[in-house]
Amino acid sequence: MLALHVLSAFSLVAGIITFWVLIVAVRRTDTPEGTLRMGPVSRLANAVIGIGMGGTIILGIWLAFSVGGYDIWDWWILGALVLWVIAAALGQRAGNAYLQSVKKAQELEAAGQTGPNAELLALNRTSDGVVLQVLVSAVILLIILDMIWKPGA
Amino acid sequence: MNGLLAAMRPDSWNFPLLVHAFGAMLLVGGLFASAGITATARRDVGFLRLGYWALLAVALPGWVIMRIGAQWIYNKEGWDELPDDLIPDWLGIGFFAADVGGLVLLVSLIVGGIGVYRLRTGGGAGLLRATLVLSVILLAAYVVAVWAMSGKPG
């Protein structure tokens with residue numbers, strides 16, 4: 001169970017890293033086709049993030065109840081649960097920030113405008129999205145630090 | 001039991017463990033991103049390049065950090081003072097995956113690098129597909145390694 005919990009964490013981080021690569025790539029993308037081209041990879045990254053978020057919380061709670069010496073109300077476990085909720089909320093907001101450019105790209109494509117578009121480029125360079133992605137990454141790093149140091153255990 | 005052992009881990013082991021785990025996560029994340037991007041690239045040259053750069057700029061530094069962390073925690077835990085026949089299976093699996101995997105990563109970077117160079121003249125897609133296959137094999141190997149390192153069988 002611990003191995004599956006750790007593998008879930010790896011799955012979550014793999015998804016976040018994939019989004020970082022896409023965020024860097026999309027900053028130079030100003031066409032609807034180029035923007036929508038990221039769709040299949042971002043869906044893949046979303047899937048592994050979903051597996052990672054679900055696996056870490058379900059297996060983490062199961063481990064807290066089943067492994068002797070740990071309790072769900074231990075400060076480091078409660079801290080991890082709070083950070084997990086914060087990461088989930090921030091991740092959803094980061095996703096929504098980049099969804100704006102996907103919607104714009106779909107509108108442009110539907111209107112037959114396939115060339116470069118300044119508004120689309122600006123949406124792809126959203127600073128809100130980058131800040132939220134930095135925050136998600138920082139919160140996940142805090143959870144990893146908490147899992148290794150187990151403060152108060 | 002593993003949880004209890006982890007709880008008993010001296011504080012001085014935590015930072016080397018963090019370095020090792022952080023590097024391993026970067027490595028797996030870089031391999032996943034590279035494989036995902038290359039697999040969905042079809043004939044898109046920009047995407048094929050992006051997949052290769054994920055391997056070079058994320059997975060390779062991840063491997064270096066992971067391997068430094070591995071050696072650091074190995075020495076901290078005193079495994080280097082034990083004879084080889086007392087080294088547990090999970091540690092052997094981890095070292096095998098790290099070292100042989102590092103070699104495979106290097107080969108895939110060289111093959112992919114030639115592929116990216118050949119993209120300029122319209123070729124190279126086949127070499128980048130070979131890099132994709134190697135990345136998927138590495139990902140599978142590292143999933144086994146993560147399971148072995150955290151589950152500690154044997």
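Student: How many helices and how many strands does the secondary structure of chain A have?

Tutor: Please bear in mind that this is a predicted model. Chain A comes to six helices and zero strands, and its pattern along the sequence reads α-α-α-α-α-α. Its C-alpha trace spans about 60 × 25 × 20 Å along the principal axes. Of the 153 residues in chain A, 37% are buried.

Student: What share of the contacts in chain A between residues at least 6 apart in sequence join residues at least 24 apart?

Tutor: The share is 82%.

Student: How should confidence be read, and where in chain B is it lowest and highest?

Tutor: The general idea is that where pLDDT is low, the predicted coordinates should not be read in detail. In chain B, the mean pLDDT is 89, and 94% of the residues reach 70 or more. Confidence is lowest in helix 1 of chain B, at a mean of 49, and highest in helix 2 of chain B, at 95. Over residues 1–5 of chain B the pLDDT is below 50, and this stretch has nine contacts in the model beyond near neighbours in sequence. The model as a whole scores ipTM 0.92 and pTM 0.91.

Student: Which residues have the most contacts inside the largest nonpolar core?

Tutor: That core has 76 residues, and those with the most contacts inside it are Phe10(A), Val13(A), Ile16(A), Ile17(A), Val21(A), Leu27(B) and Val28(B). Helix 1 (residues 2–26) of chain A gives the most to this core, with 15 residues. Setting aside residues up to four places away in sequence, Phe10(A) touches Met25(B), Val28(B) and Val146(B).

Student: How is a single helix examined?

Tutor: One begins with its geometry: an α-helix has 3.6 residues a turn, so residues three or four places apart point the same way. Helix 3 (residues 39–66) of chain A has 28 residues and reaches 40 Å from its first C-alpha to its last, close to the 40 Å expected at 1.5 Å a residue. Its buried residues include Val41(A), Leu44(A), Ala45(A), Val48(A) and Gly52(A). The buried residues of helix 3 of chain A pack against helix 1 and helix 4 (75–110) of chain A together with helix 2 of chain B.

Student: Why is Leu128(B) called buried?

Tutor: Leu128(B) is called buried because 27 other C-beta atoms lie within 10 Å. This residue is in helix 5 of chain B, and its contacts include Thr38(B), Leu48(B) and Tyr52(B).

Student: Is Arg42(B) buried or exposed?

Tutor: Arg42(B) is exposed, because 11 other C-beta atoms lie within 10 Å. It lies in the loop between helix 2 and helix 3 of chain B and has a positive phi of about 50 degrees although it is not a glycine. Lys150(A), in the segment after helix 6 (127–149) of chain A, has a positive phi of about 45 degrees. Lys150(A) is buried, with 20 other C-beta atoms within 10 Å.

Terms used:
Residues numbered from 1 in each chain as written. Chains lettered and ligands numbered in written order. Predicted model: local features only at pLDDT ≥ 70, side-chain atom pairs only at ≥ 80, totals over all residues. Core = buried A, V, L, I, M, F, W, Y, C linked by C-beta atoms within 7 Å. Buried ≥ 20, exposed ≤ 12 C-beta atoms within 10 Å, placed from the backbone. Helix = DSSP H or I, 4+ residues; strand = E, 2+ residues; numbered from the N terminus. Contact = placed C-beta atoms within 7 Å. Expected span 1.5 Å × (residues − 1). pLDDT = per-residue confidence, 0-100.
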